[in-house]
Amino acid sequence: MVSRSERPPAAAGPSARRLTERAFRIRESGIIVVLVVFVAVTASVQPRFLNITNIQFILINTTVFALLALGETMVVISRNYDLSVGSVLGLSAYLSANLFGQHHGIPIAVVFLAGLGIGLACGLLNGIMVSAGQVPSLVVTLATLYIFRGVDILIVGGKEVVASSLPSAFLNIPKATVFGIPILAIAIAVVIGIGAYYLRSFRSGRELYAIGSNPDAARLAGIPVGRRVFVAFTVSGAIAGVAGVLWAAQYGTIDSTAGTGYELQVISAVVVGGVAIFGGSGSAVGAALGALLLNTISSALYVLGISPFWDQAIWGFLLLLAISVDRFIAVRLAVALRVRGGRHE
Amino acid sequence: MENGEQETGSGGLPGSGGLPGSGRDTGSGGLPGSGGLPGSGGLPGSGRDTGSAGLPGSGHETGSGGLPGSGHETGSGGAQSLPRDEGPMRSEGAMGSEGSKGPVLELRHAAKSFGAVQALLDGSIELRPGEVHALVGENGAGKSTLVKILAGVYLPDAGALLIDGQEVTLHGPAMAQAAGIAVIYQEPALFPDLTVAENMFIGRQPLRAGRRIDRRAMRAEAAAIFARLGVQLDPARIARGLSIADQQVVEIGKAISLEARVIVMDEPTAALSAAEVDRLFDVVRALSASGTAILFISHRLEEVFALCQWVTVMRDGKQVLTQRLDGLVAGDLVRAMVGRELAERPDEAHGTPGEPLLSVERLTREGVFTDISLTVRAGEIVALAGLVGSGRSEVARAIFGIDRYDAGSVAVCGHGLRRGSPTGAMAAGVGFVPEDRRQQGLVMDMSMQQNIALASLQRLQHGGLIRAAAERTLAKDWADRLKIKYGRLKGPVSMLSGGNQQKVVLAKWLGRRPAVLIVDEPTRGIDVATKAEVHHLLLQLARDGVGILMISSELPEVLRISDRILVMREGRLMAEFAHSGASEEEILSAATGQAPPTGSSGAIN
């Protein structure tokens, strides 16, 4: 920052640099702008959109996605993908909620720990196959997406956990508010803040960025690539396990389809939130904002009485937009660099 | 103990003036000639000329360790013996522990081969604290292999690597780094998404309470290093978009933060502008003054003279000369780089060129090549010579339509080609044998038959289906004509040897009966016998009226089979030679931007 203006023009590429820096700043704040505009437009058409119940509804709906997005962010930043989060969530949701029926009076904390454990086990499996087995994560987690769901269906069969079998304290978790803000949303925001801080300020966190930014260089720099990626998958699994318990508390009724298709929604949220799909950049906060934006859009369309078809279409559109922005930056940069980095003196 | 002495010695650094020389002389023990070291500066021309003319086989200098070559030394006269004696003298100095200023790093007679290809036969180098040592040689002389051995990327098959006189084995780049060796590549591999400071300190970031990264300290440290190097670079900006020069500075900064004692720079200036080169030189001089040993590799000889105190010349995988640069001139180095036995002149007569087949007018791709105009006539082999990275392959790719170009035009047989359309180029009768046959020339998992047929599928199909019989006939026909040695036509092409693979690529294009054939490094990495066959084949094609544009880094090959030679340097055409009017030295001089060494051609031809 300080020395920028002093740099000799021959060695510097001021235009290219400003372009990148601006692009990255815009990328982070852009989501908030889109979010604000969207809320403003919707509220001007339908003021009901901004009533407290609806806002609470949006926040609560976002918590599960934002939490999943945190784990997914860690994985995507390292240039990997975790497609199994939806299935892990489903498995954990049923098995943990089912504990209430099997063991009367079981403490809620134990149920959360059980969900965490289930997710952790699933994440370990993914992590081992990706890092030790050297199998591309897309393939590994696509396989475990089906395997975990298959196990879920095998266990659940045609049964389901119904809300009446769950303690009301459990079902009330998403409903508790302080000053009108759901406590759960605050708690999740804190967790995401901690996750973002970890990724930003700890060596192992920064090394995930380095791995995603240039895997070969990471290896040459002596970063334990396998171990870092393994941990990222394990954490992502554990988070999905906890998210499963929250999902159960939120919906009350759990069958074998819980969380189906969430993986793609979560990856959408992460990418819309500014995490580069090929790793190396982005933040957990951005990913959470991405999740919030997508949920706000769903809610807005519902409030405005627009067909749910548009819901999916707009998600897709936003995804294309996010990737186009990435691509645009990359192409502009490549051209600027090629022309500038040429050998013509 | 030796170390201490050596350090003090190097403290005087500029001492290279004569002290270190003498120190080494003592080390050399009995070599009488060594006292005359400076003397060699006095008669640079004569002695060496005799050497290169009389002993084309090379290897004699290096051989000095006791190899057969040493016989030459005695034979070649007093003045001659001086530079050569460096070899033995140095290695003995280290062994005999007499050297007052021991090298921090020493590589002795390292060899490395990949399969049948001997990339390095005898690589030796000694680097001393506070000295900049140049390593020069033609493409393929083994420089890169030597660098990769120092970087810990390759483990040498033979020879020894000593650091501070202790023999070490580097298993991997991390060990090289730990041993204090840092390598700056031509295009560094940074983390584009991380900041400059993080790129320097990744995995070693300064920490504050709670093992959190202390960004401020990290940036301050980076800024301090940049200040020491006299460069202005913002440690807080991300690495994406940094110029190559700045990326190198980041790598150098990293090397400093690692307290590297040896910095190897592999053609760092190849992609830099003049101003950037000046800045890099300032950095290198600052490093050198602080006692770092530097190995500097460059094709630009004026840079070598501007920056370095010592030079090692490699040729054909061997160290052929190690000497102080004082008193040497560029011509001496060029002669040492080239000084091989000249390939015999082609016996096959060239036909007279016919109509222009390929006309390239003022082709430009921003930042890659500029204003390239050339014509290839029927029956003519035009060689595009130049150093690796001079833009030759990029021109070929643009002509064939793989890369787009920003200005200019390409026409085949008078018809303009659409830019960026390989299909259009193929339809117009152009064939392209790319540089990297495994990645770009062949589908390695497919059979030889399918690979040969690949460019002719249009002709082989009937109602949308490929006729297997026609495919086999075509493949068999060309395999026999090119004398490809194969097991089964349906065996995977990956099973063939490199030379036969290259023939398969050629067969693929010849099956289309092209009017113009572009071949990029047609004989790289293939054995001598097959190489001769490929040469014969290209000459035969030219006689049949095909226009051939050949890119080759092997000057003997260029001189042997081409009718005209175009030389590229830094993206521009620098010179054109008729087949009969060129010497290797002249071509190399044009390619490196040196004035041709005066009176040299006589000595070589």
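In what order do the four strands of the open sheet in chain B run? The order is E14-E13-E16-E17, with antiparallel pairing; here strands are DSSP runs of E with at least two residues, helices are runs of H or I with at least four, and both are numbered from the N terminus.

The model is predicted, so that local features need pLDDT of at least 70 and side-chain atom pairs count only at pLDDT 80 or more, while totals for chains, interfaces and linings use all residues. Residues are numbered from 1 along each chain as its sequence is written, and chains are lettered from A in the order in which they are written.

Back in the sheet, strands E14 (369–377) and E17 (415–416) of chain B each have a single partner strand, so one side of each lacks a neighbour in the sheet. Strand E13 (residues 356–365) of chain B pairs with E14(B) through six bridges, where pairing takes at least two DSSP bridges. Ser359(B) has Thr375(B) in E14(B) as its bridge partner. Across E13, E14 and strand E16 (407–412) of chain B lies helix H16 (residues 392–400), at about 115 degrees to E13(B); axes are lines fitted to C-alpha atoms, for helices over the stretch in contact, and angles run from 0 to 180 degrees between N-to-C directions.

Turning to chain B as a whole, its secondary structure comprises 26 helices and 24 strands. Among its contacts (C-beta atoms, placed from the backbone, within 7 Å), those between residues at least 6 apart in sequence join residues at least 24 apart in 69% of cases.

Methods: Contact = placed C-beta atoms within 7 Å.
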